[in-house]
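Please describe this protein model for a reader who is meeting it here, keeping to what can be computed from its atoms.

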Amino acid sequence: MAIWSELGAVAMCLPAWFLAGRLAQQVKLPLITGYLIAGALSGPSLLQLFRSNGLASLGFVDHACLSVIALAAGAELRVSELKKTKRQVICITLGISLLSWLFVFVAMMMLMPFIPFTQHRTHQQQQAVASLAGTLAIARSPASAIAVLRETDARGPFCSTVMAVVVVKDVLLFVCLAMNLEFANMAMVAAPQGFNVSHMLQPALSVMVSIGLGALGGTALGMLLNAKPTAMPRTVAALIRVLPQAVIASWKPAAVLLAASTIFFTVVSFTAEPLLACVVAGLMTTNRKSVKNAHEQLTGCLSQLMPFVYVAFFGLAGASLKLGSFVGSLWVAVILCLVRLAGIWGGCWLGCWLGATPVDHRKHMWYGMITQAGVAMGLAKTVAVRFPEWGPEFATLMTCAITMNMMAGPPLFKRAIVQTGEARAMLHPALSQELEEAIDKSDKQEDKQRQLLRTISDSPSRPLPPIRRNEEAHLPVSSGPLEAAGAGMV
């Protein structure tokens, strides 16, 4: 019965969290900032509308929301657009990931004597903890990025590059975290029995299983979106005819929610990475050429789901914050947050320079890489469960730093979108339509140029015809008027 009381509390708080998001918009803050603040106010630390153990029983709600968010992140990654900026995406992803991990790793190693749960660890164990902290610094919340993009109705090369980097970086994050967990487990064993190849193969196997199940789920979801009432069994088609129009219009969003949740919990049962599987499922669905308007259908369903998902997910994320436990870890978390920002700035600068990113995007790219939220918190909780001896204290420290990034990131990302001129929701409708037409025209011109270059490169080489040189152009100009006129025309 406890779970039903917690669900009732969520139902009561949802309208208040929604209004808090609208109030945040009035003061020029993103919606999710209002959801987080309202959730923190209603949590066990303040108004106590939820109990700590009751929030733990609502984990399935968090997982269902995360599955939809990861699916939406994969759906934002168009392969055709990624090919246009693959050099930029790869360079920025590697730059941010490398410097973020390195800066936080070095900072954690320097702070080890002042962190209670690492003071008495061996040097190898301290390195494992610092490496886990650096790996979590790579995380960037796709949920908050998508929320800000949808709120500002942003579209353009800057936003496309940011989303591509976020999704690719999260895929890299899951792989790195799986490997770091195995390395940390080897370092924490009191009497290690030597190197075991299975320890190296397990992370790789987990990633491959996640990708495979995500691809299968994306294929099934594409078939579901492409289904028509005429192709369904007679009993189902007859039922659809008698249902109200509102119910018929909402069956596909409900099916997307059910499919995403099924993929998530199925992958969990295989002890693989469920978020990676959902990202792959969204990527597969939105890029399937066999499904007519697959991207439009999926994004249309997600646009109906996401407002409810954001309110529930970020409201519960705020309610789960243990504000009292932040006091002891606050100064360490502040240092880690600032060091991570320095790593992101340096990584963005390096990646943009190597990737030949436009100059106006280089100034604002790092604003879009700050926010952390549910993915990072979920991974911190994974560490707490995996290492119960010191994991909970590690998760508290990381959650404190993640909360700072979660509060500071969305306003900065929104500011970057506005300054790059891609926030269509803040433009006059006529200007917004003109901008959209200009972007479409530019994309079509780029596609035509690539097709022309591909045709030229694929065609068999032929010798060019000799250039006929007019010999008269090299003759000295005579004194006669006709000869002078002819030479001048040449």
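Cysteine 400 is buried, its relative accessible area being 2%, where buried stands for a relative accessible area under 20%, exposed for one over 50%, and partly exposed for what lies in between, as found with a 1.4 Å probe on protein chains only. Cysteine 337 is likewise buried, at 9%. A disulfide is a covalent bond between the sulfur atoms of two cysteines, and here the term is applied to a pair of cysteine sulfur atoms within 2.5 Å. Searching the whole structure for such pairs gives zero disulfides. Cysteine 337 takes part in none, and its nearest cysteine sulfur, which belongs to cysteine 400, lies 9.1 Å away.

The model is a predicted one, in which local features need pLDDT of at least 70 and side-chain atom pairs count only at pLDDT 80 or more, while totals for chains, interfaces and linings use all residues. Residues are numbered from 1 along each chain as its sequence is written, and side-chain values use heavy atoms, with hydrogens and water left out.

On a 1 Å grid over the protein atoms alone, a cavity is a set of points where a 1.4 Å probe fits but cannot get out, whereas a pocket is an open set with protein on both sides within 12 Å along at least five of seven lines, and lining residues have an atom within 4 Å of a point. Grid points are joined across faces, edges and corners, and a volume is the space filled by probe spheres set on the points. The structure holds two cavities of 30 Å³ or more, and they are set side by side below, with Ala, Val, Leu, Ile, Met, Phe, Trp, Tyr, Cys and Pro counted as nonpolar, Asp, Glu, Lys and Arg as charged, and the others, Gly among them, as polar.

| Cavity | Volume | Classes of lining residues |
|---|---|---|
| Largest cavity | about 100 Å³ | nine nonpolar, two polar, one charged |

Helices α7 (123–138), α16 and α19 (391–419) each supply at least two residues to the lining of the largest cavity, and α19 gives the most, with four residues. These helices are DSSP runs (H or I, at least four residues), numbered from the N terminus. The second largest cavity has a lining that includes Leu66, Pro142, Asp170, Phe174 and Val375.

Pro142 is also one of the buried residues of helix α8. That helix, residues 142–152, is mostly covered, with 10 of its 11 residues buried. Just after α8, aspartate 153 takes a positive phi of about 50°. Helix α13 is likewise followed by a residue of positive phi, threonine 271, near 55°. Helix α13 (residues 251–269) has 19 residues and reaches 27 Å from its first C-alpha to its last, close to the expected 27 Å, a span taken as 1.5 Å times one less than the number of residues. Among the buried residues of α13 are Pro253, Ala255, Ile263, Phe264 and Val267.

Turning to open space, the largest pocket has a volume of about 1,500 Å³. Of the 50 residues that line this pocket, the closest to its centre are Met377, Gly378, Leu379, Lys381 and Thr382. Helix α18 (residues 374–386) gives the most to the pocket lining, with 10 residues. By class, the lining divides into 30 nonpolar, 14 polar and six charged residues.

Two loop residues complete the account. Methionine 112 is found in the loop between α6 (86–111) and α7, and it counts as buried because its relative accessibility is 1%. Apart from neighbours within four places in sequence, methionine 112 is in contact (heavy atoms within 4.5 Å) with Thr118, Gln119, Gln126, Val129 and Ala130. The C-alpha atoms of methionine 112 and valine 129, 17 residues apart along the chain, are separated by 9.5 Å. Threonine 357 has its place in the loop between α16 (326–354) and α17 (359–362), and it counts as buried because its relative accessibility is 2%. With neighbours within four places in sequence again left aside, threonine 357 is in contact with Gln88, Ile92, Cys352, Arg362 and Met365.
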